[in-house]
Structures are given as structure tokens and as C-alpha cells.
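Visitor: Could you take me through one part of this structure up close? I'm new to this, so please go step by step.

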Amino acid sequence: MQPLVLSDFSIVSSLGAGREATLAALQAGRSGLVPCGFETVKLPTYVGEIAGLDEPVAGVACRNSRLARRALEQDGFAERVAQARAKYGPHRIGVFAGTSTSGILESELAYRRRNSPSGKLPPDFDYAKSHNTFSVAGFVAEHLGLDGPAVALSSACATTAKVFGAAARMIAAGLCDAAVVGGADTLCLTTLYGFHALNLLSTVPCRPFDRERDGISIGEAAGFALLEKPDARQAQDVNAVMLLGVGESNDAHHMSTPHPEGVGARLAMERALAAAGLAAEDIDYINLHGTATQAGDASEDIAVVGLFGVETPVSSTKGLTGHTLGAAGIVETIISSLSLLHGFWPGSANTKNLDTALRSRYVVETQNGRTDRVMSNSFGFGGSNCSLILGRAS
Amino acid sequence: MQVYVEGIGLCGPGLAGWEASRTLLAGVRPYVSMPVVVPASALLPANERRRMIMTGKLTMAVGSEAFFHAGRDAAVTPTVFTSSGGDGDTVHQILEELATPEREVSPTRFHNSVHNAPAGYWSIATRSHEPTTALCGHDASFAAGLLEAAAQATAESRPVALIAYDLPYPEPLNAVRPIVSLFATALILSPAATDHSLARLTIALRRDGATPTLMPDAALEELRGGNPAARSLPLLAVLARHAAETVALEHLGGKHVVVAVAPTTAAT
């Protein structure tokens with residue numbers, strides 16, 4: 001594929017708001033996971049919650065869009081998009097925003113307030129701007145004043161990696177010149193009680209690749225990137241982060257369990273390498289999907305070792321951020337961009353005793369290292385897989 | 001963008017498959033709305049069909065019909081699924097469970113609640129490792145899906161299946177988001193003409209000048225306006241007439257996806 005540049009990016013997670021706070025937490029190995037006190041949830045689990053998201057914001061209908069808004073306001077991202085809008089025109093910038101549960105939290109709360117005896121939802125419930133999956137994409141387009149193609153992608157936990165593929169295709173097809181990609185997923189009862197029902201919630205902060213790992217910790221996050229064709233200056237700028245390859249696949253195995261041999265995961269990584277015109281040995285670090293479930297980490301390890309061998313440094317950052325579900329793709333793309341720019345491999349918070357049955361070269365403590373080209377993996381329910389390759393402009 | 005339509009699937013009220021619906025959509029026979037019967041897809045064995053969510057049955061029915069007519073292998077073809085509401089029954093049941101003091105969510109229901117659940121079931125049923133994309137564009141879901149599918153076909157020079165579906169929510173969501181009937185359609189799109197090509201589509205996103213193409217028949221127009229997947233009807237009607245015409249499908253913010261249709265084989 002034709003490389004594209006991430007001209008700017010923004011992030012909010014339980015690690016903090018903005019690039020500086022995120023970088024500091026990554027380098028210090030400071031986890032954002034705390035015992036769950038979200039809403040009225042009574043589950044023995046840890047969450048990565050962001051403070052202050054319940055405060056109403058005029059014209060913003062749900063917690064998920066408030067989270068998206070907060071991300072757009074970090075580090076001058078909205079101003080950078082405004083410059084791109086002036087350069088290309090609002091109709092030439094697309095919005096490809098991912099979410100898994102959009103503003104479903106508002107529906108959960110509204111169902112508790114149903115009218116008796118009619119059963120009707122309360123009149124203040126705004127379906128289109130909260131529950132509907134498109135709500136986050138519509139909000140972003142409106143907030144940034146963009147009028148190009150806008151769509152929400154919702155492929156569970158792979159979705160905000162897949163937004164990069166959708167945007168790259170639209171740019172290649174000439175439907176837009178640039179795109180705001182990313183998305184948001186907030187904590188909600190559906191995912192907390194849903195993963196609990198699947199016996200996939202850990203009772204301690206999640207421990208990727210640990211032999212004692214026993215499930216995920218859920219986090220909330222939002223992130224966005226401005227993706228465009230590099231101009232002459234960016235093409236020469238060693239500090240420009242480029243999207244070099246996107247690889248997508250499906251497991252065709254099970255709705256909520258990964259393929260035991262990581263067949264789909266490996267295909268996604270192979271396709272990303274092929275799209276980038278790179279070989280496995282060209283990748284300096286892999287940010288794994290690594291959710292800390294027994295089955296998930298084991299299958300990803302098989303896929304990684306099968307393709308890369310046991311020398312490529314890898315780690316999962318979900319012990320820091322929690323599994324941010326529909327936002328995991330953009331969160332870890334941005335984490336990978338920070339490791340690329342600052343030359344370090346993020347460590348794996350909470351991982352104490354590496355599972356010796358897993359053979360990848362797993363980085364437990366944050367360390368400096370070569371990061372000229374990095375891969376980020378995102379896999380989700382429905383067998384959806386996406387791998388991205390980022391690199392410095394050469 | 002230019003793509004070629006190779007196969008079409010259709011399921012809606014009084015619209016029992018593409019071949020059976022062509023004369024209705026072309027206006028040769030009068031359209032009469034009738035309760036939807038979702039045909040059994042060969043992709044689903046009877047025991048799995050009983051457990052399958054409605055969105056899975058519906059998308060497999062239209063998808064397998066379109067692949068049959070296109071003569072393509074679903075196992076090697078990427079898919080784009082687009083829907084405004086996804087599986088409303090599943091989501092409603094989870095919301096009801098969460099409103100009880102026990103909050104006991106069915107684990108199967110939870111994994112069925114993701115917007116890409118039909119895409120996941122499709123991949124399993126067709127044994128396809130090719131990418132699946134699951135989109136939502138509210139009322140513009142079909143137009144957004146057509147843009148994505150056409151961009152995939154042209155940018156990656158390979159055929160792609162577009163599957164659009166929407167069905168009514170149960171109450172109380174139905175009251176705040178009424179969706180008329182159940183409707184699904186599938187289009188197999190290829191970047192180059194083949195023996196199976198029915199028509200060439202030239203697709204553009206336009207900001208000005210267009211007004212949405214409506215259905216001349218009042219009942220079909222009610223369906224078009226009331227179900228996001230049925231926003232495809234003006235395009236399907238032109239394909240049914242085997243005519244060279246241009247249709248405008250509403251996108252968001254006053255934009256339109258404008259599709260110029262040019263038949264590529266003699267009408268049958």
C-alpha cells in the first residue's frame with residue numbers, strides 16, 4: 001500500500017489525558033487499573049476508568065461521545081484537523097470511527113427508568129446520538145466540522161485498527177484526501193456483565209502472558225489520528241509516523257474464542273507485512289493484542305512465534321490500560337507510535353511470572369530498544385483480526 | 001469508482017428473493033407487501049438454524065443467493081456488512097437482563113450482541129478467512145456500505161460482497177427508532193467485467209445538486225423511507241429494469257451517493 005502519515009494523534013485512557021501523560025505512564029509502567037467502582041456495578045474486577053465523564057456537556061448525548069470529545073481536545077488535535085480542513089476542504093476529509101458499544105450505557109440507564117405501566121423509555125433518551133453505533137462517527141464529524149465520507153466501523157475489539165484500512169482504501173479510491181480515524185469505547189454494564197458471564201473477567205489487574213493469567217480487565221479510552229498522504233517535508237521527516245501496512249483476516253472459527261493455532265491472527269500479520277512490502281525480520285517490536293485470557297494469549301503466541309520466531313520483542317500493554325475493547329486498536333496504535341518516536345518497548349504491568357509455555361520474546365519491564373518499524377495487533381469477537389505496521393519516514 | 005454487479009440477493013416484505021422480485025421492482029407486476037419469510041440458507045444446517053440469531057439467518061439467505069448468481073466462492077471473497085441497528089432483539093434482551101436486580105446476562109447473547117455478529121457467523125459458515133467489515137451509518141448505512149465495498153473492490157482490485165440488513169426493534173426501542181419491516185440485500189461487486197456481470201456502477205459521493213431517488217410505488221416508498229437497508233431499493237429497481245439510469249441515495253448531511261447504472265448484458 002501507499003504509505004500514509006499520522007500527521008497528529010490524540011489519546012485519553014486511564015493512563016491519563018494526552019500524549020505526555022500516556023508516555024509517562026508507559027515509561028514508568030504505571031497501570032491505570034483500579035478496583036471496579038463504576039456506576040452501580042458490583043463485580044470483583046478491576047477497571048481502567050476515566051474521571052469526570054459523567055458530567056453533562058451541552059449538546060453531547062452520551063458518555064461515549066463525551067469521551068471522544070475529550071480525546072479530540074487533547075494536544076491541539078482539533079486545531080491540527082482545522083488546518084487540514086483549510087488545506088483540503090471539509091468535504092475532502094473522511095471520518096472512520098470505531099466503537100463496540102457506542103452509547104449503550106444510556107440505554108442501560110434508560111431501561112431502568114422505563115415508564116410503568118407503558119414500558120416506554122424516558123423522553124430524554126436520545127437514540128440516534130447515543131445507542132446507535134454511528135453516534136461516535138456523527139459526533140466526531142460534527143465536532144470537527146468535517147463533511148467527507150463518515151461511517152462507524154464496529155467489529156468488536158479489532159474495530160479501531162480496521163478504521164485505518166477503511167480510511168486508506170477511501171484515500172486510495174480518491175473519495176477523500178485525509179481522514180480522522182480512531183474511536184471511543186466507554187465502560188458500560190453490557191461489557192462488564194457480559195465478559196463476567198463468559199468467565200473472562202479477572203478478579204485482579206489483568207496479567208498478560210503470566211502463567212497465572214485468568215482473564216481481562218476492562219478499560220475505557222478514546223483516540224484519534226489524522227491520516228493523510230505525506231507531503232514532501234513529512235516524507236523526509238524522521239519524526240513522522242507512517243502507516244506502512246494493514247492486514248485483515250477472519251478466524252472463521254468461533255464467535256468469542258480465538259482459533260487455537262492463531263490461524264487468523266497469523267494471516268492478518270502476514271497480510272500487513274505483504275501490504276508494507278516488509279519481511280518478518282524488519283519488525284522491531286510487536287504490541288500484542290494480549291488480553292490476558294488463557295486461550296487468547298496462547299493462540300497469539302503460536303501465531304507470532306510461527307511467523308517471527310522467538311527473537312522479536314513483543315508485549316501487551318493491556319495490564320496498563322485494561323482492555324479498551326472497541327478502542328484497543330487506536331489506543332495501541334498510538335502507544336506503538338509513542339514507542340516508535342521515543343525508542344522504547346513498553347513493559348507489561350502486572351505480569352509477574354511469565355508463562356514458560358509461551359515462547360515469544362516477551363518484554364516485562366519497559367526498556368529502550370530499536371523501534372524503526374513496529375506492529376500492533378487487534379483481534380475481536382466474530383473472529384475479526386487486524387494488524388497494522390507503523391514506521392518512521394525514511 | 002466503477003464496479004460491476006455480478007449477483008444480487010434480496011429478502012423483504014413481498015420480496016422473496018431477487019429473481020422473484022424483479023418484475024415487482026421493475027413495476028411490471030403490482031407490488032403487494034406480504035409477511036417476510038426468510039428462506040433457509042444452505043449455509044446453515046437445520047440444528048444450527050434453530051439457534052441462529054435472525055440477523056444471521058437473514059444475511060446468510062441474501063448472501064448465499066447473491067453468491068449463487070455470481071458464481072463466486074464465498075470462502076475467498078471479503079465481505080462488507082452494513083446495518084443501522086444490528087441485532088435489536090439480542091441487544092433488547094441484554095438491556096432487560098441488566099435492568100433486573102440479578103443482572104445475569106446470557107453469555108451467548110453477549111457475544112451475539114456485537115455489531116459484527118452476522119459477519120462472524122458468515123465467516124464460520126463459509127469457512128472464509130477473508131476480511132469482514134461491519135459498518136453503521138444510521139439512515140445512510142446502505143450508502144456508506146456501498147462506498148466502502150466499492151472502495152475495497154477498486155483499491156484492492158478484487159471482488160467483494162456487500163450485505164445490508166435492518167429489522168425492527170422490539171418495544172420500547174421501536175418507539176424511539178421505528179424501522180419498517182425486515183429487509184436485507186446483498187450485492188457481489190467486482191472491479192472488472194466478467195461473464196456474470198449484470199451492470200456497471202459508476203459511484204460518486206456528491207454534495208450538491210442531487211435529490212434522493214424515490215420509489216414510484218407508495219408501498220415500496222414507505223419501505224424505502226422506513227428501513228435503512230431498503231434505501232437500496234432505487235438502485236435495485238434500476239437493476240431490475242435492466243435500465244441505464246442514475247440514482248441518488250441519501251448519505252448524511254445533505255450528501256448523496258450517486259450511482260450511474262449501465263447494463264452489461266441483455267435483459268433476461
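**A strand and its surroundings**

Guide: Let's start with strand E6 (residues 150-153) of chain A, where both faces are covered: Ala150(A) and Ala152(A) are buried on one side, and Val151(A) and Leu153(A) are buried on the other. Keep in mind that this is a predicted model.

Now look at what lies alongside. Strand E5 (residues 93-98) of chain A runs parallel to E6(A), and four bridges join the two. To find your place in that pair, look for Gly98(A), which stands opposite Leu153(A). E6(A) also pairs with a strand from chain B: E4 (residues 132-136) of chain B, this time in the antiparallel sense and over two bridges. Here Ala152(A) has Cys136(B) as its bridge partner.

Chain A has an open sheet to look at too, with three strands in the order E3-E4-E8 and mixed pairing. Its edge strands are E3 (34-35) and E8 (218-219) of chain A, each of which pairs on one side only. E3(A) pairs with strand E4 (residues 46-48) of chain A in the antiparallel sense, over two bridges. In that pair, Pro35(A) sits opposite Tyr46(A).

Next, the helices. Helix H2 (residues 63-72) of chain A is largely enclosed by the rest of the structure, because nine of its 10 residues are buried. Among them are Arg63(A), Arg66(A) and Arg69(A), along with Leu67(A), Ala68(A), Ala71(A) and Leu72(A). So what do the buried residues of H2(A) pack against? Their neighbours in chain A are helices H3 (77-88), H4 (104-112) and H5 (135-144), plus strands E1 (4-13), E7 (178-185) and E9 (221-228).

One helix pair is left. Two packed helices are described by the angle between their axes and the distance between the axes. For helix H6 (residues 159-172) and helix H12 (residues 328-342) of chain A, the angle is about 75° and the axes are 5 Å apart. Angles of 65 to 115 degrees count as roughly perpendicular, and H6(A) and H12(A) are therefore roughly perpendicular to each other. On the H6(A) side, the contact is made by Thr159(A), Thr160(A), Ala161(A) and Lys162(A), which meet Ala328(A), Gly329(A), Ile330(A) and Thr333(A) in H12(A). Sort the residues of this contact by type and you get three nonpolar, four polar and one charged.

Key. Residues numbered from 1 in each chain as written. Chains lettered and ligands numbered in written order. Predicted model: local features only at pLDDT ≥ 70, side-chain atom pairs only at ≥ 80, totals over all residues. Buried ≥ 20, exposed ≤ 12 C-beta atoms within 10 Å, placed from the backbone. Pairing = 2+ DSSP bridges. Contact = placed C-beta atoms within 7 Å. Axes fitted to C-alpha atoms, helices over the stretch in contact; angles between N-to-C directions. Parallel < 35°, antiparallel > 145°, perpendicular 65-115°, else oblique. Nonpolar A, V, L, I, M, F, W, Y, C, P; charged D, E, K, R; others polar.
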